[in-house]
Amino acid sequence: MEADPKCKLSNKSPSSFGSVRTYWLVFMIMGANACPKSCHCSDRSGLVVQCTGRNLETIPSNLPEDTVVLLLSSNRIKHLPKEGFADLRRLRELHLSHNDIESLEVGAFDGIADGLRILDLSNNHLSSLPKDTFTKLNAKVRLSNNPWHCECSLQEVLRELRLDPETVNQVSCYTAVQEEYVGQPVIQVLDSGINFCNFHQKTTDVAMFVAMFCWFSMVTAYIIYYIKHNQEDARRHMEYLKSLPSISNNSKDYDTASSIF
């Protein structure tokens, strides 16, 4: 008696499904650890992803999730988006020096802030940073050789950072709220007791004073115009009244006419 084909299929199914599961498991592991085509990956006490000097304009989207060191220096990256590295939970070093970075979104380091130990943003085009850019960041940060504008927001950002002591004196004022600080290391200026936020407050006060003065001048000018305009109307009205025959003359004319009759 011939066996039912369905029984044969069911007898082979467990091993077949086991092979399929194994295949997909291997495929998923390989996919998760796959190295981007534009980079080179090596494993020496942690996965190092080398993407230096590859003319990259954005952060590679398929970085291995177990990356420990990410080298993105000497590329053409201009912007770091929010949560751009959020999947790299094991990341300890992030090197972004010698790029064209001009701006960072708040939350650019969300997901890696707690574990990151080195963050290199030196030799870029950064002049300012959002106040909460480095919230909860424990890394040693390199910000040297950027065209920083020294003012209140930069001062507040630097208060939250642990700057790399080897490069701290290379974080200088390219421009500043007062020209006397241009070219000086930011930390030395702040250590001397200068508070850029005070300059910001004074600038705001001056702007408010100027605005109030302009408003007062406009109101005063309007009042003067209004008075002069009314005076001119009053003068014309008086001249008009003077040009009318007087009441006494009209009375005399009336009396004369009455006596005649």
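Residues are numbered from 1 along each chain as its sequence is written, and side-chain values use heavy atoms, with hydrogens and water left out. Because the model is predicted, local features need pLDDT of at least 70 and side-chain atom pairs count only at pLDDT 80 or more, while totals for chains, interfaces and linings use all residues.

Some terms come first. Helices (H or I, at least four residues) and strands (E, at least two) are DSSP runs, numbered from the N terminus. Buried means under 20% relative accessible area, exposed means over 50%, and partly exposed lies in between (1.4 Å probe, protein chains only).

**Salt bridges**

Side chains of opposite charge can pair when their charged atoms come close. Here a salt bridge is a side-chain nitrogen of Lys or Arg within 4 Å of a carboxyl oxygen of Asp or Glu. By this rule the count comes to 3 salt bridges.

| Salt bridge | Closest N to O |
|---|---|
| Glu57 and Arg76 | 3.2 Å |
| Asp120 and Arg142 | 3.6 Å |

Glu57 forms a salt bridge with Arg76. This pair links distant parts of the chain, 19 residues apart: Glu57 is in the loop between E2 and E3, and Arg76 is in the loop between E3 and E4. Glu57 is exposed at 52% relative accessibility. Arg76 is partly exposed, at 40%.

Asp120 forms a salt bridge with Arg142. Asp120 sits in strand E7 and Arg142 in strand E8, 22 residues apart. Asp120 is buried, with 7% relative accessibility. Arg142 is partly exposed, with a relative accessible area of 23%.

Asp164 lies in the loop between strand E10 (162-163) and E11, 22 residues from Arg142. Asp164 counts as buried at 3% relative accessibility. Shared partners join Asp120, Arg142 and Asp164 into one network.

**Aromatic pairs**

A pair of aromatic rings is described by the distance of the centres and the angle of the planes. Rings of Phe, Tyr and Trp (its six-membered ring) pair if their centres lie within 6.5 Å; planes under 30 degrees apart count as stacked, over 60 as edge-to-face and the rest as tilted. The whole structure holds 3 aromatic pairs.

Phe85 and Phe109 are stacked, because their ring centres are 6.4 Å apart and their planes are at 5°. Phe85 lies in the loop between E4 and E5, and Phe109 in the loop between strand E6 (103-104) and strand E7 (118-120), so the pair ties together parts that are 24 residues apart in sequence. Phe85 is buried, with a relative accessible area of 2%. Phe109 is buried too, at 3%.

Tyr181 and Phe196 form an edge-to-face pair, 6.0 Å centre to centre with 85° between the planes. Tyr181 lies in the loop between strand E11 (173-176) and helix H3 (186-191), and Phe196 in helix H4 (residues 196-243), so the pair ties together parts that are 15 residues apart in sequence. Both Tyr181 and Phe196 are buried.

Phe85, Phe109 and Phe134 form one aromatic cluster.

**Surface patches**

Patches are made of residues with over 30% relative accessible area and no salt bridge; like charges are joined within 9 Å, and nonpolar side chains (Val, Leu, Ile, Met, Phe, Trp, Tyr) within 5 Å.

Glu65, Glu83, Asp87 and Asp110 form a negative surface patch. Glu83 is in the loop between strand E4 (79-80) and strand E5 (93-95). Glu83 is partly exposed, at 45% relative accessibility.

A nonpolar surface patch is formed by Val219, Tyr222, Ile223, Tyr225, Tyr226 and Ile227, with about 630 Å² of accessible area together. Tyr222 belongs to helix H4. Tyr222 is exposed at 54% relative accessibility.

**Single residues**

Asn55 is not a glycine, yet has a positive phi of about 60°. Asn55 lies in the loop between strand E2 (47-50) and strand E3 (67-71). Asn55 is exposed, with a relative accessible area of 53%.

Asn145 also has a positive phi of about 60° without being a glycine. Asn145 is in the loop between strand E8 (140-142) and strand E9 (148-150). Asn145 is partly exposed, at 41%.

Gly107 lies in the loop between E6 and E7. Gly107 is buried, with a relative accessible area of 7%.

Conventions. Accessible areas come from the Shrake-Rupley method with a 1.4 Å probe; for residues, only the protein chains shown count as cover. Lys and Arg count as positive and Asp and Glu as negative; His and the chain ends are not counted. The place of a charge is taken as NZ of Lys, CZ of Arg, CG of Asp or CD of Glu.
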